[in-house]
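Please load the model and follow along. The report starts with one residue pair and widens from there.

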Amino acid sequence: MSTENEGTAVPPAPSAPPPPADAPAASAPQGAPPGSAPAANNPYGSPAAQAHHDAGPGESASAPDPAWPPPPPPSTPAYGGDGGAGHGAAGQGGGGWGAGWGTTHQQPAPKNGRGRGGLVAAVLVAALVAGGLGGGLGYTLARENDSGSSTTVSAGTTGGNVKRDPGTVAAVAAAALPSTVTIEAASSSGEGGTGTGFVFDKQGHIVTNNHVVADAVDGGNLSATFPDGKKYEAEVVGNAQGYDVAVIKLKNAPSDLKPLPLGSSDDVAVGDSTIAIGAPFGLSNTVTTGIISAKNRPVASSDGSGSKASYMSALQTDASINPGNSGGPLLDAQGNVIGINSAIQSTSNGGFGTGQAGSIGLGFAIPINQAKYVAQELIRTGKPVYAKIGASVSLEDTTGGAKITEQGVGGAEPVDPGGPADKAGLKPGDVITKLDDRVIDSGPTLIGEIWTHKPGDEVTITYERGGKEHTTELTLGSRVGDS
């Protein structure tokens with residue numbers, strides 16, 4: 001899922017406050033040169049640093065605000081907007097600044113006696129004492145260094161000699177990086193992009209996303225580059241648009257390929273550590289870490305080209321994933337592949353005016369148990385095989401379930417005569433609310449859950465008809481190809 005990510009201008013920080021208008025003029029200290037200006041006494045401390053916004057070309061620094069300083073912030077800040085976006089669509093941007101600087105503030109008149117002056121004097125005395133101690137200590141250390149002794153300590157080993165135990169991020173990355181590739185795909189007209197893939201077997205098959213190689217499917221150019229710089233031409237063996245999985249094969253593949261070990265996405269638990277490898281924004285061989293944030297997350301994603309959506313019951317991770325990470329492996333703490341990084345959720349107003357989506361900690365990966373089956377079918381036949389129930393469901397984003405439509409696609413029957421749904425007794429208008437123990441809240445969720453199964457699997461369907469709940473057993477059928 002790729003969404004626009006446009007930045008919201010950040011207001012400049014307030015300029016430094018002017019001294020209070022009613023403050024008494026400070027007299028020149030005794031011993032000061034004639035005509036010298038007294039030092040300004042700023043009761044507010046140092047000027048506000050321009051940490052968030054420096055004046056750029058064409059901008060001018062703002063004049064001092066006559067209403068300085070700003071009032072204390074309210075106990076609960078008011079934010080100007082709320083974020084969030086649906087999967088596969090640009091969302092609404094994040095918040096703005098809360099209450100303005102709208103009130104003035106009168107400084108109290110300085111007290112007579114030793115109030116402020118006494119405090120400044122005490123601070124000066126403390127500073128002189130500290131300065132004397134520091135000077136003496138510095139002189140002592142310098143003298144010891146001159147005599148040949150040293151207070152520095154040298155490390156016994158350098159970073160390159162440290163043994164990194166199995167299971168550490170560094171050890172997992174060192175083992176996995178040589179089996180990942182940066183993929184460049186381009187159509188016959190030269191349009192294309194960059195993605196990631198990983199070694200699937202010793203025969204030279206590389207698994208990646210369909211949307212990474214889609215431009216090169218019909219007569220385009222395709223290449224894969226390993227971290228050691230070796231580059232190989234490649235060809236598409238098969239691609240599954242609905243699953244968003246593709247397999248390519250290296251031409252003249254080397255004989256020393258090391259396939260990445262495949263784990264079990266069914267055994268992953270929320271909170272497990274994750275490691276993602278990819279080429280975000282073209283930066284090859286980038287490693288990021290995170291955790292499994294959620295499982296079985298229904299995601300309908302698209303690459304924005306107007307093609308049909310892909311559906312998945314995804315692993316959600318907060319490991320940083322950006323455009324270019326697509327197709328790369330999501331690893332567990334032992335270095336086993338548990339998913340294929342495929343989509344991200346991002347706000348529409350996310351950063352720096354680049355117009356590209358970026359990570360906000362919501363990444364989605366195709367579970368490897370599903371991707372493994374798809375890849376094996378693509379290698380065997382060149383075509384994807386999908387499980388199906390044999391009924392047309394509404395794709396509206398609802399929370400009440402997946403409704404079997406009254407009309408089928410292209411004038412076809414909404415329930416295939418003699419198909420799995422028909423044999424299970426399902427009818428148009430029925431609302432499917434569960435598939436086995438998975439809650440179904442919409443048509444895309446149902447499709448994603450069905451596609452985690454294989455044709456021939458038996459599932460239990462819970463549905464509503466006429467306000468009453470029913471269950472039925474259903475054996476999934478199959479469909480070959482993306483048409």
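T182 has T225 of β4 as its bridge partner. Strands here are DSSP runs (E, at least two residues), helices are runs of H or I with at least four residues, and both are numbered from the N terminus. The model is predicted: local features need pLDDT of at least 70, side-chain atom pairs count only at pLDDT 80 or more, and totals for chains, interfaces and linings use all residues. Residues are numbered from 1 along each chain as its sequence is written, and side-chain values use heavy atoms, with hydrogens and water left out.

**The barrel**

Strands β1 (residues 180–186) and β4 (residues 221–225) pair in the antiparallel sense, over five bridges. Pairing requires that DSSP finds at least two bridges between two strands. The six strands form a closed barrel in the order β1-β2-β3-β6-β5-β4, with antiparallel pairing. From one strand to the next the twist averages 40°. Helix α4 (residues 368–381) packs on this sheet and touches β2 (192–199), β3 (205–208), β5 (231–240) and β6 (245–250). The direction of α4 makes about 50° with that of β6. Axes are lines fitted to C-alpha atoms, for helices over the stretch in contact, and angles run from 0 to 180 degrees between N-to-C directions. Contact means heavy atoms within 4.5 Å.

Helix α6 (residues 443–450) is mostly covered, with eight of its eight residues buried. Buried means under 20% relative accessible area, exposed over 50%, and partly exposed in between (1.4 Å probe, protein chains only). The buried residues of α6 are G443, P444, T445, L446, I447, G448, E449 and I450. Their cover includes β8 (286–301), β9 (310–317), β13 (385–388), β14 (402–403), β15 (431–435) and β16 (438–439).

Which residues of helix α2 (residues 169–176) are buried? They are V172, A173 and A176. Down the axis of α2 these fall within an arc of 95°, so they line one face of the helix. The arc is taken over the directions from the helix axis to the C-beta atoms. A174 and A175 are exposed, on the face of α2 turned away from its buried side. Cover for the buried residues of α2 includes β1, β7, β8 and β10 (329–331).

N341 sits in strand β11 (residues 337–344). The side chain of N341 reaches the backbone oxygen of P329 at 3.3 Å. Leaving out residues up to four places away in sequence, N341 touches several others, among them N209, A276, I277, F364 and A365.

D244 lies in the loop between β5 and β6. Its phi is near 60°, a positive value in a residue other than glycine. N285 lies in the loop between β7 (273–278) and β8. N285 is not a glycine either, yet has a positive phi of about 60°. Most residues other than glycine have a negative phi.

| Residue | Relative accessible area | Class |
|---|---|---|
| N341 | 0% | buried |
| D244 | 2% | buried |
| N285 | 31% | partly exposed |

**The whole protein**

The protein has six helices and 19 strands. Of its 483 residues, 35% are buried. Among contacts with a separation of 6 or more, 67% join residues 24 or more positions apart. The accessible surface comes to about 26600 Å², and 53% of it belongs to carbon and sulfur atoms. Accessible areas come from the Shrake-Rupley method with a 1.4 Å probe; for residues, only the protein chains shown count as cover.

How values were computed
A polar contact is a pair of N or O atoms within 3.5 Å; within protein, one must be able to donate a hydrogen and the other to accept it, and residues adjacent in sequence count only if both atoms are side-chain atoms.
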